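Biologist: Before I plan anything around this protein, could you take me through its model?

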Amino acid sequence: MTRLVRTPDALLFWDGGEGVAVDLAGGARIRVTPEIFALLDAFTKARDAARLSAPLRGAVRALRSAGLLVEPGEARRRARRLESFRGLAASAFYTAATRDRKFLDTETDVEQYVRDEILPERRPAPFKRYAGGVRKPLSPAVPDGDGAGLGRLLVARRTTREFAKTPISFDDLSILVRATWARIGWLETELLGRLTLKTSPSAGSLHPMECYVLAWNVRGLPQGIWHYDVRSDALRLLERGNFRKEAVRVASGQRWVGDAAFLCVMTAVIGRTLWKYRSENALRSVWIEAGHIAQTFALVATGRGLGPFQTAAIQDTYTERLLGLDGAKEFPVYLLGAGRLRSSPGKARARSSSRRGRASGRS
């Protein structure tokens, strides 16, 4: 048995009366006794497990199988999630615990799940109401000027699941990417220096998000994986090829994604946020910012006559390997995309809404 060391991504805690050990990198989670806790502690530095007693060697094999003990070389190569999160164990644990979830990808399976698991329970009230008190209806005023246009976009926006085969233009993609992720100015501060301004708000104006575009049906843009370079306001080709099938796999097998024109993988470089905000709720701001950005994307796409979509059904490990991310300092958080509507907006939205009633997604 070779020399082994405890993985830098090991997280140990008590769950009620039982000990739990988790490998934040691989996701393995096992129940452990106080003796196993002590054994893991003994491997803080690399040691030869062959010198241990037979029962302990058996425990070492189990810990190694779970990824909690690794060879020293592997430990040095690993991207360290706890280190990337500056020791914020709850945030690191959350990102590890929610990775690579399995999603139902057939209409039959989804319908069966809804019938068995969802419909038997009473649906919560869609609105909250307070009885009594003074009631004052809102004014019948409607937006005018620029606000009227924004109001129409807000009402028209729908998540699309059906697309035409017609490609979108590079101009459409350029406008979408620029409006969503581009720098629109600088914010000069006395203490923190120059900060970036974008169309969506960000905690501390730190903007942790990056955009990778998998394009396969964009007229004027070669098929491939592109990264949006904010500094030069340009797409940089990372790998040429048709990644339509890979996009579907990134989105957990949702086949309709491949019918769109492109997929944007939005990632977070967590160190940007943690540079200033070093508490567990810093991760919350990352998810909130992803929502801001997705709404901007959806409204701009709607204004261009495109059908936008968004989904958080991400296969994290596969996506990170595809894009060359380490999964610790940078990881995927949201998927956005669009395509030409298959027919008139009204009909397309009606079909999309009907299908969403039977499938997972966001409307």
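The questions below concern a predicted model and turn to a sheet, a pair of helices and a cavity.

Biologist: Which strands stand at the edges of the open sheet?

Modeller: The sheet is an open one of 3 strands in the order β2-β3-β4, with antiparallel pairing. Two of these strands have a single partner strand each, so one side of each is left without a neighbour in the sheet. The strands at the edges are therefore β2 (10-15) and β4 (29-32).

Biologist: Which residue of β4 is the bridge partner of Val-20?

Modeller: Strand β3 covers residues 18-23, and its antiparallel pairing with β4 runs over 4 bridges. In β4, the partner that Val-20 meets in a bridge is Arg-31.

Biologist: Is α8 roughly parallel or roughly antiparallel to α11?

Modeller: The axes of helix α8 (residues 170-181) and helix α11 (residues 282-303) come within 9 Å, and they cross at roughly 150°. Angles over 145 degrees count as roughly antiparallel, and therefore α8 is, relative to α11, roughly antiparallel.

Biologist: How many charged residues are in the lining of the largest cavity?

Modeller: The model has 1 cavity of 30 Å³ or more, and the volume of the largest cavity is about 40 Å³. Its lining includes Trp-181, Pro-201, His-207 and Met-209, and also Lys-198 and Glu-289. Lys and Glu belong to the charged class, and sorted by class the lining has 5 nonpolar and 3 polar residues, while the number of charged residues is 2.

Methods. Residues numbered from 1 in each chain as written. Predicted model: local features only at pLDDT ≥ 70, side-chain atom pairs only at ≥ 80, totals over all residues. Heavy atoms only, no water. 1 Å grid on protein atoms, 1.4 Å probe; cavity = no way out; pocket = protein on both sides within 12 Å on 5 of 7 lines; lining within 4 Å. Points joined across faces, edges and corners; volume = space filled by probe spheres on them. Pairing = 2+ DSSP bridges. Helix = DSSP H or I, 4+ residues; strand = E, 2+ residues; numbered from the N terminus. Axes fitted to C-alpha atoms, helices over the stretch in contact; angles between N-to-C directions. Parallel < 35°, antiparallel > 145°, perpendicular 65-115°, else oblique.
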